[in-house]
Amino acid sequence: MLVKDPDRIGAYDSVYFSPHLDDVAISCPARVLAERRARQKVLVATIFTEGAPDAEARKKEDRKAMALLGVDHVWLGLPDAPWRNPFYRGFRRIVLESHPDDRVFVEERLVPALGGVLARARPKRAYFPFAVGTHIDHRLTTAGALLPGSMEGHAEVLFYEDRPYVFLSQNLRMRLAELDARLASRPEDLAPAPWESLESTLRFGLTQTAYVRAFLKDEGERRRCNEALFHRLRAAQRWEGAGRGFRLNPEVVRAAGAAVSKIRRTVHAYASQIESLFGDDFDGATAAYAGMISPRSKYAERCWRLLP
Ligand SMILES: [Zn+2]
């Protein structure tokens, strides 16, 4: 059910923050469905829901997906990056750069919006995007969650791996390194590796990833993005999993049988997005990633729990 007024949110066991009208439903649907099966009350709060010319059509898709997941949801009405600040009219700036006005925006608008939801919902758990693909709206949401004092005392905090961005090899490693994360336990897919193998998997991944092809059609822009990515990867190579930043522990959720077909239907509810995000092979992309984080699973997702 859609909660029309963010000021009238009731109590929930879990709140999932979704930057855009699709992120939670495509990134961590198995986790949501598992909580619903355990009779937990779940709210999905979508943050940047205004500005884009296709916002109304996307809200229609979102209603359908939320109904399939069996959750309540609310749209917080903040403007999407390109309509908040013309600086962000272009994919390269959206994923690789920041504008100085963002700091005030986070403090004065984003954190109060997130805090307002949590104060009313009083959840046991709050989920945020990890910003693996470094979309500015995702990065700001992660930053809001990690801002000292902003989420204190509210709930257990978990970060979900954003899809499809986490499917691009090395994207997660780069993000963990950027946050200088300390891992309580290190999954096999993040084991240290020589530069040559990190570089070649990233190079290969860039040619295979649907969203890179869809959003970076211009040759020059793509080259500039790739250069910046390789630079980030070099820095990430030095990260050993024992940084001085936040302590995190991975949690994998698997799905099988009827849950997988429900996930497929939920993701395909975003008919206007599916092609540019996953190409024509959603099943293949999700199965390949599941094989990396949970061998022998057809479908698996991962969250990162913030430890004290
Ligand atoms: Zn998004």
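Select A131: with 24 C-beta neighbours inside 10 Å, A131 counts as buried, since the cut-off is 20 or more. Keep in mind that you're looking at a predicted model. A131 sits in the loop between β4 and α7 (136-146). Check its backbone too: phi of A131 is near 60 degrees, a positive value in a residue other than glycine. Most residues other than glycine have a negative phi, and most peptide bonds are trans.

Now hop to R122, in the loop between α6 (102-121) and β4 (125-129). Phi is positive here as well, near 40 degrees for R122.

Next, pick P164 in the loop between β5 (156-160) and α8.

**Second stop: helix α11**

Select residues 219-237, which make up α11. Colour L229, R232 and L233, the buried residues of α11. Looking down the axis of α11, you'll find these buried residues within an arc of 105 degrees, so they line one face of the helix. Facing away from that buried side are the exposed G220, R223, E227, H231 and A235. The cover over the buried residues of α11 includes α8 (171-178) and α9 (195-208).

Finally, show α9 with α11: they pack at about 150 degrees, axes 11 Å apart. That makes α9 roughly antiparallel to α11. Among the residues making the contact are W195 and L198 of α9 and L229 and F230 of α11.

How values were computed: Residues are numbered from 1 along each chain as its sequence is written. This is a predicted model: local features need pLDDT of at least 70, side-chain atom pairs count only at pLDDT 80 or more; totals for chains, interfaces and linings use all residues. Helices (H or I, at least four residues) and strands (E, at least two) are DSSP runs, numbered from the N terminus. The expected span of a helix is 1.5 Å times one less than its number of residues. A residue is buried if 20 or more other C-beta atoms lie within 10 Å of its own, exposed if 12 or fewer, and partly exposed in between; C-beta atoms are placed from the backbone. The arc is that of the directions from the helix axis to the C-beta atoms. Two residues are in contact if their C-beta atoms, placed from the backbone, lie within 7 Å. Axes are lines fitted to C-alpha atoms, for helices over the stretch in contact, and angles run from 0 to 180 degrees between N-to-C directions. Angles under 35 degrees count as roughly parallel, over 145 as roughly antiparallel, 65 to 115 as roughly perpendicular and the rest as oblique.
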